[in-house]
Each structure stands twice: as C-alpha cells, then as structure tokens.
Amino acid sequence: MKLSTISQSLAALGRTPKQSLGQNFLHDQNVAQWIVDQLELQPGEPWVELGPGLGALTEYALSKSANGLVIEKDGQLAGFLRAQFPKLEIVHGDASEFDTRELFIRGPVKVVGNLPYYVSSQILIGWTDQPSPVGRLVFTLQKELAERLSGEPRTKAYGALTLLIGRRWHVHFARKLPPTVFTPEPRVDSAVVVLTPRDPGELPPCDGAAFRRLVKRGFAQRRKMLRKNIGDEVEDWGEFCRALGLQETVRAEELDLAQWVAITNLLGGKTGGAAQDVHGEIFDVVDETDRVVRQASRHEVHTQGLRHRAVHVFVFNDIGELFLQRRSRWKDVHPLMWDSSAAGHVEAGQTYDATAPREVAEELGVEAACTRIGERAACAETGWEFVHLYRAEHEGPFRLAPAEIDSGAFFTIEQIRRWIAARPADFAPGFLECFRIFDSSPQAHV
Ligand code: SAM
C-alpha cells in the first residue's frame, strides 16, 4: 500500500494512527508482498491475518487465496476493510482473545500479521499454544522479540521463551525490517519470523506442563548455575548430571532443547519411546451378546477381528464443554487423530465400570467419577469392540500422559458438531461412534 494511499485513507476516515493500538502502517509494497509470499499460500487455502489495519498485507493474501479471515481491533478500520473487501470475513475483535478453537474446522490455517508491538507476546503465545489449528505463522515482531524466539544456546537472546515456543515450533528469523518501511515509523527495528510446527516425532514425548515449569525455574535467575535454580528437585545432583552427560556447574542457557526435554523426562519418570506396552496385554474375547468366551492377546484380538471390550469417557467442564484429546504420534492406531477425553480396552477379568475411571486416571492424571451414558455393540466401525460410553466432570488442569496424548482442549459441543461435519477424517472412528451415541442421547442436551 502506497504512502499516499495510506494518508488519503486516513484523511477520508478523518483520523490519525492510534499509538495505543500499535498502528504503524506498512507502506513498502515489495516488503508487503514478500511477507505474504512467506505464507506459501495455495489457492483456496485458509488463512488468517491479525491486525490488518488498512489492508497492506490483506490485498496480497487475497490475491493468492480468497479463503481469508481478518481480525482487527479498531472498529473504524474494520469498517474500512469491509468496504474495501466486501467478500472477506472480517472480525472486529481482539486477536489476543480470539477463540482459536473455532479454526480447527477449517483445517491447518496459515496466519500472518504485522503485529501491534504492545500485545505481540500475548498474541504469539495464544496462537502457538497447544493444541493449535495453525499450520504456518508469519509474524512481524519487534526485532528483540524475534531474536529471543530464534536464539541459540549460550547467547543473550536464548531463554525460556525460546524453549517454550521451540518445543513445538521451528522458528526461522527471516529478515530485519527498518522503521522506514512503516508510517508512522516505530522507534524500534522489526523482524519477520516464520514458525512451522515441529513434527511431533522430532523430540521424545514429554509432559508439556512439567517442561514449562522446569524451564521457567531454570531461567528464573539465568546467571546462576542450574543447580541453584532446580537443584531442589533432584536427590543427587552429581548423579543427575552424570546421567545426562552434563557438567555439575552447567547453566540453564548452556542446555539445548533436546537436553531440556531429557531433563524433564528424567525428573518426571519414564515417558519416552513407544506408546503403551501393547505386547503383554490380554483381553476378554466376547460373543455377540457380550458374554466372555475366552482370553486372547491384544495382537490376536486385533488381527483376527475378535469381539472384545472398551470404554470411552467424555469429560466435561462446568460450562458443558467436552475435553478432546489428540492422540500421540506414537500410538499404533490413529496417531494424531482427535479422540474421546480418555479411552481404553477392558483388560481380561476387569469390568467396564472399573476401567472407565482407571483410564481417566492413567491418561488425564485425575480422579473422576464416571457415569455410564450409552453403549454400542461390537461392529466393524468400533473395530469389533463392545463400547460403553461414560461421562465425568472435571475442570482440569490435566496431567496428560505424554506417550499417549499429544495435547488436548475443551471444545463446545457445537464446535465439535461443526468440526465433525466439515472434517470427519480428523477424528478416530471410535470417537465418531461415541459422539453419535452421545449426541442422540438426552445427555447431549443437559
Ligand atoms: N497490517 C497493517 C499493516 O501492515 O499496515 C497494520 C499493522 S499495525 C502494526 C497493527 C494493527 O493491529 C493495527 O491495525 C491495529 O489497529 C491492530 N491491532 C491492535 N491491537 C490489536 C488486537 N489486540 N487485535 C487485533 N488487532 C489489533
């Protein structure tokens, strides 16, 4: 967008840029085009722009794909954009408060923004938080923040933020931008970063909450040795360091991402490697009336399509949202698909009722009473499982079993209905069956 167009548009609106909303408009069209190119948008691909302003990036993004949504906090600018781009979906709202769960229904979305600097950390954290519907992110940030995101160990820029974002995202510091490409010119330099999701298999699974807590403690006093910051969590510091191949005098900033994950897993117990011990499990084999006829190994049951038993548990919070888990990439079936809050097989000699709360405890790390709300006879869609469906109430937070669950979140029932209708392949088939049972029961409407 040309400098003269920006001035004319603002004059027509009878106003000047609002410093309180971080309004610095991009007038270098080559830079605008280059930023949008970093999104690698294909025709029809969904994208979102945060803080579109007068539309400097919007026009280029729209020329690549019409499937866009923009979120602008300034009501007058949102109105201006509506007039400019009548077919574009425009939300007048705060990008730091936007409910990103709404976007799963669109599939992985690409997100772009020359962010307002007063709120860019909150926006960055909100839009990269797990589970995330975002497939690629291109943000213009204050240069210092961009450096912190992409910092290397043993540098001043490297810190807790580098690791908390870096565990899930690859961060590429793409280029610096001088103040002169904006009007009015900001007082600081800017930089463009490109974030792409890490393949969940790149690092061993680890408990995200424990990782966050440890990293924050580790960097609380970054000049001190790590021992001072987290030594109280370890019984024998010397042995701990030897197990990880570290010097006892190591500082937080000397450890790379993989070492922080290793520390988390060493302190949190065994979590890495393949998902569950799937080999030793024995299930009851049942007949078409769900009567036990014999026992068989998990392998035998699944390869021969023998009828067996399973539970699914739907955990609700007090506003009636349902917690969905995204299965770990280490699962032997349906990796990375969305599933019931907790689910599992009934082991030989166990009952459905005893298995439901046990699965909640094992997978979500909490105790919750479970009430049976439905059942489904064994069929091809359930993988020849007789499924009993339970409901439970819990607000979280949960301690998700990292080898079993990639991430999870509460969703409204309406969000889930729309998501299933738009993208059924995102969900494990067993969950779809259970959701059908739930949705056709009076329980769905309490
Ligand atoms: N994208 C435009 C450009 O490059 O010229 C404008 C960029 S300007 C740095 C930031 C934009 O974000 C402004 O339009 C401002 O009104 C908007 N904004 C400020 N706070 C916001 C928030 N919390 N949510 C959404 N937009 C916001």
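Which residue has an N or O atom in its side chain that is 2.7 Å from a nitrogen atom of the ligand? The residue is Tyr118.

## Basis of the values

The model is predicted: local features need pLDDT of at least 70, side-chain atom pairs count only at pLDDT 80 or more, and totals for chains, interfaces and linings use all residues. Residues are numbered from 1 along each chain as its sequence is written, and side-chain values use heavy atoms, with hydrogens and water left out.

## Ligand site

The ligand has 23 residues around it, and those that come nearest are Glu72, Asp94, Ala95, Asn114 and Tyr118. A residue counts as near if one of its heavy atoms lies within 4 Å of the molecule. By class, this shell has 11 nonpolar, seven polar and five charged residues. Here Ala, Val, Leu, Ile, Met, Phe, Trp, Tyr, Cys and Pro are nonpolar, Asp, Glu, Lys and Arg are charged, and the others, Gly among them, are polar.

A backbone N or O atom of Ala95 lies 2.8 Å from a ligand nitrogen, and a polar backbone atom of Pro52 is 3.3 Å from a nitrogen atom of the ligand. On its own the ligand has 580 Å² of accessible area, of which the protein covers 99% (Shrake-Rupley method, 1.4 Å probe). Strand E1 (25-26) and strand E3 (68-72) are the elements that give two or more residues to the shell; strands are DSSP runs of at least two residues and helices of at least four, numbered from the N terminus.

## Aromatic pairs

Rings of Phe, Tyr and Trp (its six-membered ring) pair if their centres lie within 6.5 Å, and the count comes to 20 aromatic pairs. One of them joins Trp338 and Phe411, with 5.7 Å centre to centre and 90 degrees between the planes. This pair is edge-to-face, the class for planes over 60 degrees apart. Trp338 is in strand E14 (residues 338-339) and Phe411 in strand E18 (residues 405-411), 73 residues apart, so the pair links distant parts of the chain.

## Backbone geometry

Gln130 and Pro131 are joined by a cis peptide bond with omega of about -5 degrees. Pro131 is in the loop between helix H5 (120-128) and strand E6 (134-142). A cis peptide bond also joins Gly396 and Pro397, with omega of about 0 degrees; Pro397 is found in the loop between strand E17 (385-393) and E18.

Asp290 is not a glycine, yet has a positive phi of about 70 degrees. Asp290 lies in the loop between strand E10 (282-286) and strand E11 (292-297).

How values were computed: A polar contact is a pair of N or O atoms within 3.5 Å; within protein, one must be able to donate a hydrogen and the other to accept it, and residues adjacent in sequence count only if both atoms are side-chain atoms. Rings of Phe, Tyr and Trp (its six-membered ring) pair if their centres lie within 6.5 Å; planes under 30 degrees apart count as stacked, over 60 as edge-to-face and the rest as tilted.
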